[in-house]
Amino acid sequence: MVDYSKWKDIEISDDEDDTHPNIDTPSLFRWRHQARVERMQEQEKKKETIEKKKQTAEEKLKEAKEKLQRKEGNLDELKKIIDELETEQERVRQEEDELRKKEKMQPWNVDTISKPGFAKTVINKSAINRKEEELTDEQKEMNLREFIKKYEKQMKQFGMMRKYDDSKKYLQENHHLVCEDTPNYLVIWCIELEMQKKHELMAHVAHQCICMQYILDISKHLEVDPRACVASFFKRIQEAEAEYKNQFLGEIEAFKERIRKRAQEKLQKLIEEQEEEERKARLGPGGLDPVEVFESLPEELQKCFETRDIGMLQEAMAKLPPEEARVHLQRCIDSGLWVPDAKNAAAATSEAGAEDEALEPVYVEVKSKSEGSKAEGNDQEEKN
């Protein structure tokens, strides 16, 4: 047969019995409930006190036994202390047993008849986050471009806001901005502002960017939709302790430093690209850069080109060894510093009706005044 005896001593609820009409029933129920709660709280305090005594006695006893083994101090005194601690430990154990017996004898009530099986809340991951993780880099870039094209004005308006309450209200009204694309755009905007020397505006937009990034980080940590974290973030940042605010401000400073570095790198890259375009534009017919060729010439030849003195140039070339003169001459032709048969080219251009100063010869072909060994070099120059 089933034993139902354990159910006979259940304490009824505080509001389940009938009372006399002259008795204030609600007050009576409140008093009963309050008295029962106070008894349970007192019992919990006794349990905690006994547990502390038990731990203290065990620690002291262990420490005294270790000293006795190491023979530290007065051994007779240590033995006496050990006996006292063992007696105290036994007394605490008896108190614990008595309290446990009282708990078993107490009738059950609505608070002790059952206990929660678990106190854990499991929230499923957001479908938005899963979809974002499944996208490729090209798809993310395409989505970012479309998002910027559609909501750039709204993102700039959010980036210009200065009060937490205004930012919170704006994001709650425009919840589509609470996503990864918004901080990505704000980063791009910060770099552009820094490149334009708008440092104060960049610093403010960087603050808004970090606010949005904090919201997204909270969302990832809790595995919920980021739109549900907007109000909680702004409430926390406004009521935050000094340590949390210092961490937040430190993150902003680190972010601004990264923006400055990235802007400097982009400026340097733009300068290099512009210089490369200019270099390609001035390349001569042989693919050489006239600036590089000019700087590689001997100092005497450089002076000839700077003064545009043909006679001086002829004399300087005549002084050089034939092989070296041929090398310099060919490099000048390939870079466009020297235009062979320039007079005929200019005449043909004039007949065509075009006037282009860039095609006019700077120098004519070198004619050596020396004889003998220099004749071979002059013949080669004429062929070139």
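**A cysteine pair and the core**

Mentor: The sulfur of Cys190 sits 5.8 Å from the closest cysteine sulfur, the one in Cys209, and that is too far for a bond. To call a disulfide, you need a pair of cysteine sulfur atoms within 2.5 Å. Seen from the other end, Cys209 is in no disulfide either, with the sulfur of Cys190 as its nearest cysteine sulfur. By that rule the count of disulfides comes to zero.

Before we go on, keep in mind that this is a predicted model: local features need pLDDT of at least 70, side-chain atom pairs count only at pLDDT 80 or more, and totals for chains, interfaces and linings use all residues. Numbering runs from 1 along each chain as its sequence is written, and side-chain values use heavy atoms, with hydrogens and water left out.

Back to our two cysteines. Cys190 is buried, at a relative accessible area of 0%, and Cys209 is buried too, at 3%. Here buried means under 20% relative accessible area, exposed means over 50%, and partly exposed is in between (1.4 Å probe, protein chains only).

Now for the packing. A nonpolar core is a set of buried Ala, Val, Leu, Ile, Met, Phe, Trp, Tyr and Cys residues joined through side-chain atoms within 4.5 Å. The largest one here has 41 residues, and Leu171, Ile215, Phe233 and Phe248 make the most contacts inside it. Helices H4 (137–159), H5 (164–173), H6 (181–195), H7 (199–222), H8 (230–239) and H9 (242–281) each give two or more residues to this core. H7 supplies the largest share, ten residues. Helices are DSSP runs (H or I, at least four residues), numbered from the N terminus; strands are E runs of at least two.

Take Leu171 as a close-up: leaving out residues up to four places away in sequence, Leu171 touches Phe158, Leu177, Val178, Met212, Ile215, Val230 and Phe234. Contact means heavy atoms within 4.5 Å.

One last stop: the unreviewed UniProt entry annotates residues 253–284 as "coiled-coil region". UniProt positions are in the numbering used here, feature names are shortened, and annotations may be inferred rather than shown by experiment. In the model, residues 253–284 come out as 91% helix and 0% strand, with the end C-alpha atoms 49 Å apart.
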